[in-house]
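Let's walk through this structure together, one piece at a time. Have the picture ready as you read.

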Amino acid sequence: MLQTATTIENHPLDEQLVAMLIRDHCSHTRPALERLWDYYRNDLDFDFADDKRPYRAAQQQGLPWRLTRTGPAPARPFDADGARREIVIENDIGWRVHTLVDFMFGKSVHIQSRAADPQRAQLIERVLNATFEANGGVCFLQDMALLGGVYGYVDVLLRTDRLPRHISSDGTGMGASAPDQPASEPEPHERAVRFASQLVLETVEAPRAIPVLDPADYRKLVGYILHYTQALNEVDHTSLLSRLVDAGGHPRARQATMEVTEIWTDRGVWTYHDHELVAHTPHRLGVLPVVHMQNLPQPFFYEGLSEVEPLIPLQDELNTRLSDRANRVTMQSFKMYLGKGIDNFVERPIGPGQMWQTDNPEASIETFGGDGESPSEEAHINEIREAMDKTSAVTAVAAGLLRNKVGNLTSENALRIVMMGLLARTQKKRVTYGKGIERVCEMVLRAMHTAGVLRTSDDERRVTLHWPSPLPEDQAQRLAEAKLKLDIGVPREQVLAELGYGATCGAAG
């Protein structure tokens, strides 16, 4: 149990509520989320005691017992001699998730400030760009899209407990009493950029996040709990395992860990180590520093729609049929002979020019085996792959695999028609992630305003995102279109931002 909430000033969450949420999360929510990651990653569990196949893929958990020989055993084993069945795992989920991430954030996203003053807008764009660059740039956005695609949602946390050192823990210098208007004397630009580069944006994966929702509105957070196990750089001397030794006389020690719980609110963060309160860091932002992004919108739910979850049954069926085909091929690839009434038939070699002699008129040699065609099996496997294409909206064309039925894709319009489903899905995700990135920018500017480093109004914290085309484009055609936009009066700054020459969110290099 955590320490009593009444001992902590202004603690908004009840101790029993927090303990119940953590318990339910660890017993129900986290195992389901970890399974989603297992199917995406399909990592290998190595067992070097098995010299034939010293690994087990994560997706094998979805195969039937007759293939894996694990779990409750029937009355008679499938293979009486104990032979292992052929297992074939083809991860059709991982490459689809990666393709969606590439279409989302394969190129830089450009930020344009909505501030009326061009100089203020340029400074705000520099500040925001410095924050994203300091937190990984385009890799930060790709990680965000990957976690959101796997789990259905992702949260971005502004680490107010790690603000630059000159901001004291009690809020001194936070400028809470300042009016919500720009200061008459602007702060030095370099100081603002330096401060922005020290802000920590953390992508929070779903297995260690416990949102506390407003009972009246599921879209609002009243609290946010992080619960996870942290490894320590020391040996655990308290466990029974540390007192045992292996065959070589070395201790079987293990690394020490501790259980960490962080309770975030709009007032501050309370940190517990192994159920004991170790830190309380208040902040005066006035809002909970968490931005929630759904991967795909799901009405009336905090969680969004995952890219992995609907593909799991199809992936299990595909792996099962591929394993069945591998076993069939193994049995039928070689011809076998059944000899009747011939002495020493097994010991004698079979080859060209070999003859057998017998006085038994009932003797015979029968041939069976050999790989035969199974059109229904191949059709079933192809239909499973097509079902995965329709469910995920990611086809093999997006991964660079062209088949004869695709035709001649020499024009951009033809390519758009072929990948219409993927482009529509990407556009839908750009709405949800785009709103999230805009809120992250607003939260960064609010933190700088509260710290007194860069004073901004609510209107100046608004930004516009310019997304690049996910498809290959003709640069000459883009420049010609940009010139036409300038001729009809489109602002020069907007045209340059669309071309990628403005401030960049997550720019590479």
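Two strands pair if DSSP finds at least two bridges between them, and strands (E, at least two residues) and helices (H or I, at least four) are DSSP runs numbered from the N terminus. This is a predicted model, in which local features need pLDDT of at least 70, side-chain atom pairs count only at pLDDT 80 or more, and totals for chains, interfaces and linings use all residues. Residues are numbered from 1 along each chain as its sequence is written, and side-chain values use heavy atoms, with hydrogens and water left out.

Start with strand β9, residues 268-273, which pairs with β10 in the antiparallel sense over six bridges. Look for H273: its bridge partner in β10 is E276. Both strands belong to an open, antiparallel sheet of five, in the order β6-β7-β8-β9-β10. At its edges lie β6 (209-214) and β10 (276-282), each pairing on one side only.

Now find helix α1, residues 15-41, which packs on the sheet and touches β6, β7 (217-235) and β8 (255-264); contact means heavy atoms within 4.5 Å.

In soluble globular proteins, nonpolar side chains tend to be buried together. A nonpolar core is a set of buried Ala, Val, Leu, Ile, Met, Phe, Trp, Tyr and Cys residues joined through side-chain atoms within 4.5 Å, where buried means under 20% relative accessible area (1.4 Å probe, protein chains only). The largest one here has 76 residues, and V127 and M448 are among those with the most contacts inside it. Helix α10 (residues 420-450) gives the most to this core, with nine residues. A second, separate core of 10 residues includes F103 and L471.

Key. Axes fitted to C-alpha atoms, helices over the stretch in contact; angles between N-to-C directions. Buried < 20%, exposed > 50% of the residue type's maximum accessible area, 1.4 Å probe, protein only.
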